[in-house]
Amino acid sequence: MEVYWFMFVWVIFFGILTQMTSRYELVGGETYEPRAHLFMAILVFSVIIFFAGMRSSVADTGVYRETFKAYPLWGDADSFLFDKNLKDKGFAFLGILVKTFISDNYTVWFTIIAIISGMSVALVLYKYSCNFAVSAFLFMASCQFTWMFNGMRQFLVASIMFLCTDLVLKKKFFIYAVIVCILSTIHQSALILIPVYFIVTGEPWSKRTMLFVCGVILAIVFANTFTNIFNEVVENTNYSGAMESLKETDDGTNIVRILVESVPTIIAFFYRDRINEKLTPIIKLSINMSLMSTGIYVISKVLSSGIMIGRLPIYFSLYNLILLPWLIKTILRGREKDLVYFSMVICYVAFFYYQMCITWDGLNYVSKVLNLKY
């Protein structure tokens with residue numbers, strides 16, 4: 001845990017410095033909001049990128065390490081890439097390119113993935129967060145950063161799509177859909193983002209978005225049927241092995257995580273009348289994405305599918321990093337705001353400890369390059 005606590009302290013310390021040195025920019029033509037300097041934003045995320053790149057063994061890291069070692073060089077890639085049994089060919093293609101033209105060292109491979117993933121998140125927060133320090137803190141304290149250590153393939157896709165936020169805001173569906181299809185060759189679950197596009201581009205709490213809520217209810221009512229359909233869909237994908245081996249112990253997403261991730265959605269709903277006239281396009285999108293995240297988490301719990309469905313919210317929950325700081329800034333004033341910030345920090349630190357130390361037993365970190373083993 002020492003590595004993760006060091007990262008946590010780094011993000012908090014430099015996050016505070018980032019907010020202290022931020023500049024004010026006109027947002028939506030009406031209000032001014034603080035925006036971080038790019039260098040400071042990169043500095044805050046650099047520690048996460050560094051340790052994610054230097055790891056040798058954390059959770060599923062060993063699988064990715066051995067897979068990279070097994071990739072052929074470009075000259076022998078044809079038969080490998082066109083093997084009908086090879087899943088997620090895009091990820092293999094990217095790995096072969098790195099191994100052939102950059103380095104055959106898996107640490108370099110991990111570092112490249114970490115840079116792409118970490119910088120994608122940092123750049124979106126740099127552009128849209130009204131409080132970069134709080135957003136970075138939430139990224140660490142909610143344990144979303146662990147996707148860069150465990151599940152990096154799916155998070156690579158999720159972070160790149162997060163970087164494509166402008167395409168959603170500008171309603172450039174064709175380009176958006178093309179990118180989704182390309183990224184689906186890295187992780188097939190990305191395809192869920194195409195139908196979701198038509199839900200999240202509507203007004204918050206509109207009929208379109210509430211249609212999703214109805215879908216959640218139907219999924220709960222017809223839980224067994226839904227599960228059987230889902231199993232058939234993924235039977236021949238990379239998920240099938242995980243489902244078979246983990247279905248006996250998978251009881252769905254932890255209820256504590258559901259509560260934590262649902263906080264922005266709940267606040268936005270109860271204060272919707274107060275914030276309605278202050279909504280900007282990015283906040284409207286963030287509310288809808290937060291609703292999607294909460295709904296899918298609920299489904300994963302009801303259907304006892306934390307491994308399968310419980311991994312999908314990462315495509316949407318990243319927007320909570322933008323939404324929650326904005327809600328606190330917009331709804332609260334003076335001492336009330338300070339009290340909420342203080343309470344938020346205490347609660348999220350407690351969640352960080354619970355998730356990392358108790359639920360994941362420290363998420364042991366090993367780095368041969370740094371000679372670290374925790």
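Residues are numbered from 1 along each chain as its sequence is written, and side-chain values use heavy atoms, with hydrogens and water left out. Because the model is predicted, local features need pLDDT of at least 70 and side-chain atom pairs count only at pLDDT 80 or more, whereas totals for chains, interfaces and linings use all residues.

The protein chain holds 20 helices and 4 strands (DSSP runs numbered from the N terminus: helices, H or I, of at least four residues; strands, E, of at least two). Of its 374 residues, 52% are buried (under 20% relative accessible area; exposed means over 50%, partly exposed in between; 1.4 Å probe, protein chains only). The accessible surface comes to about 17,600 Å², 65% of which belongs to carbon and sulfur atoms (Shrake-Rupley method with a 1.4 Å probe; for residues, only the protein chains shown count as cover). Among contacts (heavy atoms within 4.5 Å) with a separation of 6 or more, 77% join residues 24 or more positions apart.

Helix α1 (residues 2–20) has 19 residues and should span 27 Å at 1.5 Å a residue, which agrees with the 27 Å between its end C-alpha atoms (the expected span is 1.5 Å times one less than the number of residues). Its buried residues are Val 3, Tyr 4, Met 7, Phe 8, Val 11, Phe 14, Gly 15 and Thr 18. Seen down the helix axis, these buried residues fall within an arc of 160 degrees, so they line one face of α1 (the arc is that of the directions from the axis to the C-beta atoms). They pack against α2, α7 (132–141), α20 (334–359) and β4 (372–373). The face turned away from the buried side carries the exposed residues Val 9 and Met 20; the relative accessible area of Met 20 is 64%.

Helix α20 has 26 residues and reaches 36 Å from first to last C-alpha, close to the expected 38 Å. Its buried residues include Lys 337, Tyr 341, Phe 351 and Gln 355. The buried residues of α20 pack against α1, α7, α15 (255–270) and α19 (320–331). Asp 361, which follows α20, has a positive phi near 55 degrees.

Ser 56 lies in the loop between α2 (38–54) and α3 (61–70) and counts as buried because its relative accessibility is 2%. Leaving aside neighbours within four places in sequence, Ser 56 is in contact with Thr 61, Arg 65, Tyr 106, Val 366, Ser 367, Lys 368 and Val 369.
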